Amino acid sequence: MTLFAQSAIADGSPGFTHTPLFWALILGSFGLWLLLPAGATPVRALGALAGGFGLVMLFLAAPLAGWSADETWSESAPKLAVAALSLLTIAAALGAAFSRGKLFVVLAICAAVLWIAALAGIAALEVSPPLRIILTIAFSLAGVALYFPGARRRQRAVGLLLSALALGLVASLAPGLGDDVEQVLFGVLATVVAVSAVATISMRSPVYAAIWFAVTLLTTGGLLLLEGAAFLGVATVVVYAGAILVTFLFVLMLAQPEGHAYYDRISWGTYAVFVAAIAGMAIIGGLTYRLMELDGTAAAAVVERQPPANEETRPGGEKHMVGMGGALFGRHLIAVEAAGVLLLAALVGAASINLARKEETPATNNRQPATAP
Amino acid sequence: MNDLAALQNYLLVGALLFGVGLVGFVVRRNMIVMFLCVEMMLQGVAVSLVAWGRFHGDWGGQMLVIFIIAVAACEAAIGLALILALYHQSKRLDVAFWQDLREEGQPAFVDRRIPETPADERVWPRLTPAGIEPAIDERERERRRHRTRV
C-alpha cells in the first residue's frame, strides 16, 4: 500500500493529501456531482458549486478541526468527520433552498442524518459500553417502530432521528482499525450500508426499495474488497446487483405495473411491528455485546490460529486467486459439482412452474384489500 | 490487535444487515420486498463469514460465500417464478392474501385502517425527457398516420 504513504502522515508531512487516492476522491465526487440531473442548468451549476465547495472543504477540513502535526489521523478523525459533515449539511441545505428538484432535499436529509450520527457517536464515547449498547437497542427499537410503512410523516421523521442516533452509537462501539486509510474507507462504506439497508425496508415504493438495495449490494461489494475478498466483491456486484436484482425489477414491472398498492403502505399492525423491531434489535444488540467481549485469546481458543502455509496464496495475499482457485477446485470440488446440478435443477424448476400454470383467473382490482373471510 | 479490530468491525456490519433484513421481512407485506430482505440477510451472513475467514487466514469463509451466492441465484429464480404464479392467482403481491394457509383455529388478520394514497404517489415517477424533440413536418406526420392506419 505504498500508494497511501502511510509513514508520511506519521512524521507530519502532508501525507494523505498528496496521494493519488485523495485527488481521485475529490475529482470523482465533483464530476459525479456535475453529472447528476437536477433541474435547470443554472440550478445545476449552483448545486455543483455548492456541492463541490462542500466536498473540497470536506478534505481541507483537517486544519479547521485542529489537526496538528504531532496528532495522528485516527485521533482527529471524529472532529474531522463532524466538521466535514457540518459543511456538507450546509451545502446540501443551500442546494435544497435554491433548487426545485427533490435531489438536494434528499441529500440534505442524508447529510443531516450523518451529522447527527457523528455527534451522537462522539458524545457516546464518554458513556460506558454496556450502557451504550442498551441505549443503542432502545433508540433503534423506537426508531424502527416509528418508521414502518403506514406510519405518519411526523412519526417517520422522529424514527429517522432516532435511527440516526442509534447509528452513531453503534459506530462508537466499533474499535479503531489502526490503518487510517482502511478506517476512512470502512467508515464511509459501513455508513452507506447501514443507511441504505434501513432505506430498503422503509421505502413505500418497491422500486425505490429495490434501488436502495442495489446501493446496499454495491457497498457490500466494496466492503468485501476491503476485506481482501476481491473475487467475492466483484461476484457480488455482478451476480447480485447485475443479475438477481434486475430479475427482481422485471418481476416487479410484470406484477405491479400501475403504481403504488395499498399493501405497500400498511403493515401487520402496530403490535406486530413493535415485536418485529424488538426481535431485530435484540439480535443486533446481542451480537454487538458478544463482539465487544471478544478478545484475542477467546477467539483464538475456538480455533487455533495458525500462520498460512504459503504467505503469497493466503486470502488477500499477492496471489489471492491462485489460492482461491486451489481451494475451490481442490478441497471443495464435489461441492462445485453439486452447485452446478443445483443451478440446473433451479432453472428447470423455474421454467416448469410457469409452464404448468393453468388458465388465469379474471383480473380483480389490485388497489382494494382482500375482503376478510 | 488490528486483526481483531477488523473482525469486530465487519461482524458489526454483518449483524446490522442481518437484523435490518429480519425486521424488513417480518414487517413488509409486499412479497418482492420480503424477498429483497431475505437477500439482505444473506449479505449480512456473507460479510461475517468473509471476516472470520480473514481473521483465521483460511479459505473456508470465502468458499461458503461462493456457494451462498450460487444458492441465492437458484433461490431467486425459483422464488420469483413462484411469486409470479401467485400473482397470476391473486392479481396482487400482498402476502396477506394467502392467509388461508394459516394454522387452523387462528383468527384471520383484518386491516383496520388503510391510509389514503397521497396524490403524488398514485403514479410511478416519470423520467425527465432527455434530448431535443425533433421537429416533425405536419404533412409528414399526416402521411405517417395514414400509413399506420393501413
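A surface patch is made of residues with over 30% relative accessible area and no salt bridge, where like charges are joined within 9 Å and nonpolar side chains (Val, Leu, Ile, Met, Phe, Trp, Tyr) within 5 Å. The structure above is a predicted model, in which local features need pLDDT of at least 70 and side-chain atom pairs count only at pLDDT 80 or more, while totals for chains, interfaces and linings use all residues. Residues are numbered from 1 along each chain as written, chains are lettered from A and ligands numbered from 1 in written order, and side-chain values use heavy atoms without hydrogens or water.

I begin with the surface. A:Leu131, A:Ile134 and A:Leu135 make a nonpolar patch of about 260 Å² (areas by the Shrake-Rupley method, 1.4 Å probe, only the protein chains shown counting as cover). A:Leu135 belongs to helix H6 of chain A, residues 129–147 (helices are DSSP runs of H or I, at least four residues, numbered from the N terminus). A:Leu135 is partly exposed, at 32% relative accessible area (buried is under 20%, exposed over 50%, partly exposed in between).

Next comes helix H13 of chain A, residues 320–329, with buried residues A:His320, A:Gly323, A:Met324, A:Ala327 and A:Leu328. These span an arc of only 130 degrees around the axis, so they lie on the same side of H13(A) (the arc uses directions from the helix axis to the C-beta atoms). A:Val322 and A:Phe329 are exposed on the other side.

Finally, B:Glu39 lies in helix H2 of chain B, residues 31–56. Beyond neighbours within four places in sequence, its contacts (heavy atoms within 4.5 Å) include A:Phe213, A:Tyr240 and B:Glu75.

Conventions. A salt bridge is a side-chain nitrogen of Lys or Arg within 4 Å of a carboxyl oxygen of Asp or Glu. Helices (H or I, at least four residues) and strands (E, at least two) are DSSP runs, numbered from the N terminus. Buried means under 20% relative accessible area, exposed over 50%, partly exposed in between (1.4 Å probe, protein chains only).
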